[in-house]
Amino acid sequence: AAAAWPEAPAAHLTLGAARLLAGDVQGAVAPLERLAAAAPGDPWAAATLVRTWQHGGDLDRALGAANRGLAGEAPAPGLLLLRAEVLAARGDYAGALADLERALTLRRPTPSLLTSRGLLRGDRGDLAGARADFDAALALEPDHGPAWAGRANVRRLQGDLDGAIADLEQALPRTQGAHQAELARELEAWREQRAGR
């Protein structure tokens, strides 16, 4: 009898991605589950599965996939960031913040990681901590639109409407798509608020 060809991880990924692009989340999961099972310590395989479940709107399964991927001795910072997104979407801000803190101890801070932590801190009312994270993100990457937008919200909440408008003006050209349109509407509302003082 002829030996069966081993299944290549790339084939699982390709099939899963094709099904996901076609809108078949359930169909995408099976090959991605096989990929994650074939490489239990591979954070990339786990992250792909987490993103698929997130795309399908099943946060419980996304969290399960993240937890399985993080079960090893050396958690991947990127997978911690993904799990933090899932936890925040489920309303577990303390858990999300803990994952971001842990990720920051495992790798050099990035603008995205600092901005994510700043957003969580802001949601929890820690405006000073949020502002420090946005400032640090902008020091690393002055063109990081999400950090400009985050800092604008913090400044507005702190009563600095002029500073908030200035930051939002910086965020606008550094942002794209629907989020840019949302920021443009917000900027207009803040300008009207300032004019009505």
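Guide: Residues 24 or more positions apart account for 42% of the contacts in the chain with a separation of 6 or more, a contact meaning heavy atoms within 4.5 Å. This is a predicted model, in which local features need pLDDT of at least 70 and side-chain atom pairs count only at pLDDT 80 or more, while totals for chains, interfaces and linings use all residues. Residues are numbered from 1 along each chain as its sequence is written, and side-chain values use heavy atoms, with hydrogens and water left out.

Visitor: What does the secondary structure of the chain come to?

Guide: The chain has 11 helices and 0 strands, where helices (H or I, at least four residues) and strands (E, at least two) are DSSP runs, numbered from the N terminus.

Visitor: Why are α3 and α4 called roughly antiparallel?

Guide: The axes of helix α3 (residues 43–55) and helix α4 (residues 59–69) cross at roughly 170° and come within 8 Å. Axes are lines fitted to C-alpha atoms, for helices over the stretch in contact, and angles run from 0 to 180 degrees between N-to-C directions. Angles under 35 degrees count as roughly parallel, over 145 as roughly antiparallel, 65 to 115 as roughly perpendicular and the rest as oblique, and α3 and α4 are therefore roughly antiparallel to each other. On the α3 side the contact includes A46, L49 and W53, and on the α4 side it includes R61, A65 and G69.

Visitor: Why does P75 count as buried?

Guide: Buried means under 20% relative accessible area, exposed over 50%, and partly exposed in between (1.4 Å probe, protein chains only). P75 has 12% relative accessibility and therefore counts as buried. P75 lies in the loop between α4 and α5, and, not counting residues up to four places away in sequence, P75 touches L70, L80, R102 and L106.

Visitor: What makes D133 count as buried?

Guide: D133, in helix α8 (residues 127–140), has 2% relative accessibility, so D133 counts as buried. Leaving aside neighbours within four places in sequence, D133 is in contact with L114, R117, G118 and R121.

Visitor: Which residues have the most contacts inside the largest nonpolar core?

Guide: A nonpolar core is a set of buried Ala, Val, Leu, Ile, Met, Phe, Trp, Tyr and Cys residues joined through side-chain atoms within 4.5 Å. The largest one has 49 residues, and those with the most contacts inside it are L49, V50, L79, L168 and W190. Helix α5 (residues 77–89) contributes the largest share of this core, 8 residues.
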